[in-house]
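Subject: Structure handover

Hello,

Here is the structure you asked to take over. My notes on the chain contacts and the helix packing follow below it.

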There are 4 protein chains.
Amino acid sequence: MTAVVNVNRDSACNPPLRSSAVERPMRGYASGKEDYLLRLRKIEGQVRGLQRMIQEDRWCPHVVTQVTSTTHALQEVAVGLLTDHLRHCVIDGGPSSNGDRDGRLDEVAATIRQMVRL
Amino acid sequence: MTAVVNVNRDSACNPPLRSSAVERPMRGYASGKEDYLLRLRKIEGQVRGLQRMIQEDRWCPHVVTQVTSTTHALQEVAVGLLTDHLRHCVIDGGPSSNGDRDGRLDEVAATIRQMVRL
Amino acid sequence: MTAVVNVNRDSACNPPLRSSAVERPMRGYASGKEDYLLRLRKIEGQVRGLQRMIQEDRWCPHVVTQVTSTTHALQEVAVGLLTDHLRHCVIDGGPSSNGDRDGRLDEVAATIRQMVRL
Amino acid sequence: MTAVVNVNRDSACNPPLRSSAVERPMRGYASGKEDYLLRLRKIEGQVRGLQRMIQEDRWCPHVVTQVTSTTHALQEVAVGLLTDHLRHCVIDGGPSSNGDRDGRLDEVAATIRQMVRL
């Protein structure tokens, strides 16, 4: 009961080191959690489909096209998660001190750089 | 027995429309087939790991980093498949007529454009 | 004189339609403006270098490597601009209403999607 | 006169170390050279346009969109050059020994990996 009360907006956006083992923090993507899980299960199915294509000796460019389609789906998930995080954990529910907020924005910038491979 | 004999280098590189339903053609990636399957099974495991991270409410930038690592692994597979295809089906074992070879190179170019998102 | 006073933090982050022709708004990247101009001049030099390589009939894979290095430099500029914008125009100096902030975040998300080619 | 004769198809595809300083080799992209130069001049203009946008304090997401459009144009050039190279220097006009051809294909694969940032 108190645990639920403790999971307030602010704790939802605490970075991992400060989240206790007992109460699980809510995350910025919490409201879309089921949707992300659904998309990831579809992507898992696409990866199994790729294995089937290789086992069935399908024409290589067709396999590569399916690989590319799977990476697109994954990157859609990444952009979605990052936007949710920006909205709920950097802009809205973030910490009060500017220092913390700057640190989080730096983390987001580093993540964007990974996504565009810099 | 004869089936094996029929699967010669040339038929290995016939595009899908011309491969018969009876004998399964070998592909440019044939020699590395087990390696590709192994890598794709690992990637499938990574995608399941992503689902676990979402279910366990992990810190969003960490999830995105793992998504990015999974897309990298997929793109390594794509580049590998494409290189095998170039080696065995466009350069080496390709058709004798220049027209066919040009068509295959156009197909490869289109696939590279997909990979770099153009 | 008053013009300078009018260019306060808030007007700095007004989207283009609301910026008057008379006073030029400051932007999120204002403090790094000279640095961005310097980097873009270097990139302009790289593009002229590419023209020279083509004119001098340089070995194709070397030209492609230089093209790739130029696109990296451009994408570094894009990520830098976007981070400055997030810091100064979405998080800090943004509008007071949540509706406006949501619109800006959607715009940023759309821009990230363009950068990763989705 | 003899110089022109010496620039035959085979020497056109010699890697840089073997091209003499006297006779300039033709390259795989030779037939499209003017087109590539035209496209690169346009891209140079786009990069100057980006500098103008920064100088005029344009709205950041609009600048980023133009940066992205410029990187797309550069990557189109890269894919074009690579395809020409594959056609004329790896498949057609390449060296007779399989060893050389393998080396060139490895070089192309490495270049594709750079393009997709692996």
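How much area is buried between chain B and chain A, and what share of it do carbon and sulfur atoms give? This is a predicted model, and in it the area buried between these two chains is about 4,800 Å². Carbon and sulfur atoms give 68% of that area. On the side of chain B, the residues that lose the most area to chain A are B:Ile54, B:Asp57 and B:Trp59. Together these three make up 16% of what the chain B side buries.

Chain B and chain A

The contact draws on 49 residues of chain B and 50 residues of chain A. Four salt bridges are found across this interface. B:Arg48 takes part in a salt bridge with A:Glu44, where the closest N and O atoms are 3.1 Å apart. Polar contacts between chain B and chain A come to 18 residue pairs, counting pairs with both residues at pLDDT 80 or more.

Three elements of chain B give two or more residues to the side that touches chain A: helix 3 (33-55), helix 4 (60-92) and helix 5 (98-115). Of the chain B side, the largest share comes from helix 4, with 17 residues. Sorted by class, the side of chain B that touches chain A holds 24 nonpolar, 13 polar and 12 charged residues.

Chain D and chain C

For this pair, the contact takes 50 residues from chain D and 50 residues from chain C. The buried area between chain D and chain C is about 4,800 Å², and 68% of it lies on carbon and sulfur atoms. In chain D, the greatest losses of area to chain C fall on D:Ile54, D:Asp57 and D:Trp59, which together account for 16% of what that side buries.

Across the interface of chain D and chain C there are four salt bridges. A salt bridge joins the side chains of D:Arg48 and C:Glu44, at 3.1 Å from N to O. The polar contacts between chain D and chain C number 16 residue pairs, with both residues at pLDDT 80 or more. Helix 3 (33-55), helix 4 and helix 5 (98-115) of chain D each provide at least two residues of the side that touches chain C. Helix 4 of chain D gives the most to that side, 18 residues. By class, the chain D side has 25 nonpolar, 13 polar and 12 charged residues.

Helix packing between chain C and chain D

Helix 5 (residues 98-115) of chain C packs against helix 4 (residues 60-92) of chain D at an angle of about 10 degrees, and their axes are 10 Å apart. The two helices are therefore roughly parallel to each other. On the side of helix 5 of chain C, the contact is made by C:Glu107, C:Thr111, C:Gln114 and C:Met115. Helix 4 of chain D contributes D:Pro61, D:His62, D:Val64, D:Thr65, D:Thr68 and D:His72. The residues of this contact divide into three nonpolar, six polar and one charged.

Helix packing within chain B

How are helix 4 and helix 5 of chain B placed relative to each other, by the angle at which their axes cross? The axes cross at roughly 170 degrees and come within 11 Å. That angle is over 145 degrees, so helix 4 of chain B is roughly antiparallel to helix 5 of chain B. Among the residues that make the contact are B:Leu82, B:Leu86 and B:Val90 of helix 4 of chain B, and B:Leu105, B:Val108 and B:Ile112 of helix 5 of chain B. By class, this contact has 11 nonpolar, three polar and three charged residues.

Salt bridges overall

Over all chains, the salt bridge count comes to 32. One within chain A is formed by A:Arg39 and A:Asp35, whose closest N and O atoms are 3.3 Å apart. Both residues lie in helix 3 (residues 33-55) of chain A, four residues apart, about one turn of the helix.

Regards

Notes: Residues are numbered from 1 along each chain as its sequence is written. Chains are lettered from A and ligands numbered from 1 in the order in which they are written. This is a predicted model: local features need pLDDT of at least 70, side-chain atom pairs count only at pLDDT 80 or more; totals for chains, interfaces and linings use all residues. Side-chain values use heavy atoms; hydrogens and water are left out. Contact means heavy atoms within 4.5 Å. Buried area is the accessible area (1.4 Å probe) that two parts lose on being put together, summed over both. A polar contact is a pair of N or O atoms within 3.5 Å; within protein, one must be able to donate a hydrogen and the other to accept it, and residues adjacent in sequence count only if both atoms are side-chain atoms. Ala, Val, Leu, Ile, Met, Phe, Trp, Tyr, Cys and Pro count as nonpolar, Asp, Glu, Lys and Arg as charged, and the others, Gly among them, as polar. Axes are lines fitted to C-alpha atoms, for helices over the stretch in contact, and angles run from 0 to 180 degrees between N-to-C directions. Angles under 35 degrees count as roughly parallel, over 145 as roughly antiparallel, 65 to 115 as roughly perpendicular and the rest as oblique.
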